[in-house]
Amino acid sequence: MEYKEAKEKFISTWGSLGTLWGINKAMAQIQALLFISTKPLSMEDIMDELKISRGNTSMNLRQLMDWGIVTKELIPGERKEFFTTEKDVQELARIIAKERSRREIQPVVKILKEVSSIKDDGTEKTKELIKQTKALHDLTETADIMLNKIVNQQQNWITKSLLKFIK
C-alpha cells in the first residue's frame with residue numbers, strides 16, 4: 001500500500017470510528033488529518049484534502065478546539081490561521097476521556113442522583129426505582145472516579161501495567 005492510499009484509509013477509518021465515540025465523521029477526519037500532518041494546516045488545506053465545505057470545516061475546527069484537541073498555531077508572516085492537534089497518543093486519550101466525562105458521564109451521574117433521591121412513598125414501584133437508579137448512580141460515579149484517576153496520572157502507569165500483564 002502506498003502513502004496516499006494508507007493516508008486515505010487511516011483518515012476514513014478514524015472518521016468512521018469517531019461516530020462511535022460521539023463525534024461526527026468530519027470532525028474525526030479533521031483531527032486524523034492534523035494528527036498525521038508534519039506541519040500545521042490552514043483551513044483551506046483541510047478543506048482541499050478532505051473535500052469538505054468551509055462552513056463544515058470551520059464548525060468542526062471550533063468544536064475540536066472546544067474539546068481541547070486542536071489548537072491554533074501562528075506562523076510568522078502568514079495571515080491565514082493554522083491548526084494542529086496533540087501528537088502524543090496518551091495525552092490525546094487523556095484529554096478526550098476528561099472531556100467525555102465532563103460532557104457525558106457527569107450529567108448522567110447528576111440526573112441519577114436526583115432520580116434516586118425522590119421521596120419514598122412506600123410503594124413497591126417507587127422503592128424499585130430508587131433502588132435501581134441508586135445502584136446505577138453508584139456504579140457510574142465509581143467508574144467516573146476511576147477514569148479520572150487514571151487520566152490524571154502524569155505517567156501512564158495503567159498502560160505500562162497492562163502491557164506487562166499481556167506479555
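**Close-up views of a predicted model**

**Figure 1. Packing of helices α3 and α4.** In this predicted model, α3 and α4 pack with their axes 10 Å apart, at an angle of about 115 degrees. The crossing in which α3 passes α4 is right-handed. On the α3 side, the residues that meet α4 are Met 43, Glu 44, Ile 46 and Met 47. Their counterparts in α4 are Arg 54, Thr 57, Ser 58 and Leu 61.

**Figure 2. The loop between α3 and α4.** Lys 51 is placed in the loop that lies between α3 and α4. Although Lys 51 is not a glycine, its phi is positive, at about 60 degrees. Most residues other than glycine have a negative phi. Is Lys 51 buried or exposed? With a relative accessible area of 71%, Lys 51 is exposed, because the limit for that class is over 50%.

Figure 3. Three strands form an open sheet in the order β1-β3-β2, with antiparallel pairing. The edge strands, each pairing on one side only, are β1 (41-42) and β2 (70-73). Strand β3 (residues 82-85) pairs with β2 in the antiparallel sense over 4 bridges. Within this pairing, Thr 71 has Thr 84 in β3 as its bridge partner. Helix α4 (residues 54-67) lies across β2 and β3 and runs at about 110 degrees to β2.

**Figure 4. The largest nonpolar core.** This core has 22 residues. Which residues have the most contacts inside the core? They are Ile 30, Leu 34, Ile 46 and Leu 61. Two or more residues each are given to the core by α2 (25-36), α3 (43-50), α4 and α5 (89-116). The largest share, 6 residues, comes from α2. In soluble globular proteins, nonpolar side chains tend to be buried together.

**Figure 5. The surroundings of Leu 61.** Leu 61 is among the α4 residues that meet α3, and it is also listed with those having the most contacts inside the largest nonpolar core. Its neighbours within four places in sequence are left aside in the following list of contacts. Leu 61 is in contact with Ile 30, Leu 34, Met 43, Ile 46, Val 70 and Phe 83.

Figure 6. A search of the whole structure finds 9 salt bridges. In one of them, Lys 7 is paired with Glu 49, and the closest N and O atoms are 3.2 Å apart. Lys 7 lies in helix α1 (residues 3-20) and Glu 49 in helix α3, so this pair ties together parts that are 42 residues apart in sequence. Lys 7 counts as buried because its relative accessibility is 16%, under the 20% limit for that class. Glu 49, at 39% relative accessibility, counts as partly exposed. Side chains of opposite charge can pair when their charged atoms come close.

Figure 7. Ile 130 is placed in helix α6 (residues 124-151). At 17% relative accessibility, Ile 130 counts as buried. Apart from its neighbours within four places in sequence, Ile 130 is in contact with Ser 116, Ile 118, Lys 119 and Asp 120. Asp 120 also takes part in a salt bridge, in which its side chain meets that of Lys 127 at 3.2 Å, N to O. What is the relative accessibility of Asp 120? The value is 40%, and Asp 120 therefore counts as partly exposed. Lys 127 is partly exposed as well, with a relative accessible area of 44%. The C-alpha atom of Ile 130 is separated by 33 Å from that of Arg 94, a residue 36 places away along the chain.

Figure 8. Asp 138 and Lys 134 are joined through their side chains by a salt bridge (3.2 Å, N to O). Both residues lie in helix α6, 4 residues apart, which is about one turn of the helix. Asp 138 is partly exposed, its relative accessible area being 31%. Lys 134 is likewise partly exposed, with a relative accessible area of 42%.

Technical notes:
Residues numbered from 1 in each chain as written. Predicted model: local features only at pLDDT ≥ 70, side-chain atom pairs only at ≥ 80, totals over all residues. Heavy atoms only, no water. Buried < 20%, exposed > 50% of the residue type's maximum accessible area, 1.4 Å probe, protein only. Contact = heavy atoms within 4.5 Å. Pairing = 2+ DSSP bridges. Axes fitted to C-alpha atoms, helices over the stretch in contact; angles between N-to-C directions. Core = buried A, V, L, I, M, F, W, Y, C linked by side-chain atoms within 4.5 Å. Salt bridge = Lys/Arg side-chain N within 4 Å of Asp/Glu carboxyl O. Left-handed = near helix turned anticlockwise from the far one by under 90°.
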